[in-house]
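Biologist: Could you open the model for me, so that we can go through it together?
Modeller: Of course, here it is.

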Number of protein chains: 2
Amino acid sequence: MKQEGILYVVGIGPGNLEHLTQAAKNALESADIIIGYTTYIFLIKDIIMGKKVIQSPMKGETDRCKKALELAHKGEKVAIVSSGDAGIYGMAGIVYEIAQREEMNLKIEVIPGVTAAFAAAAVLGAPIMHDFAVISLSDLMTDWNLIQKRLELAAKADFVICLYNPKSQKRVKQIQIAREILMQFRTLQTPVGIVKNAQRENQEIFLTNLQEMLNYPIDMFTTIIIGNSHTKILNGKIVTPRGYQF
Amino acid sequence: MKQEGILYVVGIGPGNLEHLTQAAKNALESADIIIGYTTYIFLIKDIIMGKKVIQSPMKGETDRCKKALELAHKGEKVAIVSSGDAGIYGMAGIVYEIAQREEMNLKIEVIPGVTAAFAAAAVLGAPIMHDFAVISLSDLMTDWNLIQKRLELAAKADFVICLYNPKSQKRVKQIQIAREILMQFRTLQTPVGIVKNAQRENQEIFLTNLQEMLNYPIDMFTTIIIGNSHTKILNGKIVTPRGYQF
């Protein structure tokens, strides 16, 4: 009898294994084959020892998904990993898209996790707390005009704004333009939190504001949180009040 | 010598203990006093057995925070719990606000968690995946005009939209108005996922669309995810493509 395969799509959280959920750990432990981007495989190396590992560098996303689906379809227990939450700019979507096109009828289970914005928020204080928008500044797969429009409307709506993929070696202008758009709607003193490697090794935390934010190191491992019009800095923490009277 | 107190502000995730992070579990285990809303205390009862527990019903948020801060200030190890992530409509903000006003200089540590939208997304498929906005429909502490404005701008920006607190026994109109605002910008066929008790006991999942969404049970334990203009239903799952070519 053929074993029933399963594909776990696992969000491993920010990187530090302390922020992995038990469900994510269980899925990784019960899988026989682990597939992922090299950097993420490294982060979970201690809990996948002895397992078959298939790793590939950045931009191999679709190939990794195809491989994971093929193996699970053949009856293997497979886990494909994303950092943060697998359903937030992660692997969950493309897995379902490929499975449908290839007419693969197999069990797929998505395990949620702690996304980078929340990992960053926790070390900054309580910058999110109220309605918020999450925007990736990567225009690799998204039209830059749409990203600009989202920045403008999110700023206008007074959302706390979390920026993913703010800058890479080749993409340096986007964060500058994003800041200019935000300055049309918020004061230069609006608190901004910049966290590199949130909740993993070599974490760096910077509390700044819209005026000064570009003077800090920003790269593809950085998450940026921009306060709304009520956000303030209290005792060295960024706090957005929800509105409680006390 | 006086023991140094600490206040852990812990996000316990959606409720099922499988989705608690190790860091949250560690914080709860190392605390001597656990403070929280009765429903959340019940969810974590198995891991806080034998500890001193202070629980209170809904709307006791500020009193719970004051009590937690006072005890930690006196040198106790205290954990105050929020469902989901403590920094997303949770207790983290008010804790920092009160600590600052009362000039309490104590150690506060926020432990991030899996928020309801991500717990719901994982069982719906991959509905978020791209830029998104999270909006609470509760107008208890937020001006309803601002909430309406956020709904309109988020819809215009083509964000995937996650709605928290969509309806309570007394607040029934808000979700109707929200739907009307969304219909100005999205087709009636836009996929909508409704999840009650996401990733906890008595979970209910409904896949519907903007046209039909109000025909499903919606209450304060429900999270609603509304797709963007690219969101589709594939093999019974809601999927928002990120844009990968495959």
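Modeller: Let me begin with a term: a salt bridge is a side-chain nitrogen of Lys or Arg within 4 Å of a carboxyl oxygen of Asp or Glu. This is a predicted model, in which local features need pLDDT of at least 70 and side-chain atom pairs count only at pLDDT 80 or more, while totals for chains, interfaces and linings use all residues. Residues are numbered from 1 along each chain as its sequence is written, chains are lettered from A and ligands numbered from 1 in the order in which they are written, and side-chain values use heavy atoms, with hydrogens and water left out.

Biologist: OK, how many salt bridges are there between chain A and chain B?
Modeller: The count between the two chains is four. In one salt bridge, the side chain of A:Arg150 meets that of B:Asp158, at 4.0 Å from N to O.

Biologist: And how many residues of each chain are in contact?
Modeller: There are 71 residues of chain A in contact with 71 residues of chain B, where contact means heavy atoms within 4.5 Å.

Biologist: What area is buried between them?
Modeller: About 6,500 Å² is buried between chain A and chain B, and carbon and sulfur atoms give 63% of that; buried area is the accessible area (1.4 Å probe) that two parts lose on being put together, summed over both. On the side of chain A, A:Arg150, A:Tyr244 and A:Phe246 supply 13% of the area buried against chain B, more than any other three residues.

Biologist: Switching topic, which strands form the open sheet in chain B?
Modeller: Five strands form it, in the order β3-β2-β4-β1-β5, with parallel pairing. Strands here are DSSP runs (E, at least two residues), as helices are (H or I, at least four), numbered from the N terminus, and two strands pair if DSSP finds at least two bridges between them.

Biologist: Why do β3 and β5 of chain B each have a side without a neighbour?
Modeller: β3 (52-56) and β5 (107-111) stand at the edges with a single partner strand each, so one side of each is left without a neighbour in the sheet.

Biologist: What joins β2 to β4 in chain B?
Modeller: Three bridges join β2 (residues 33-37) to β4 (residues 77-82), and these strands run parallel. Within this pair, B:Ile33 stands opposite B:Val78.

Biologist: And how do the β7 strands of chain A and chain B run?
Modeller: The two β7 strands (residues 132-136 in each chain) run antiparallel and are joined by three bridges, and A:Val134 stands opposite B:Phe132.
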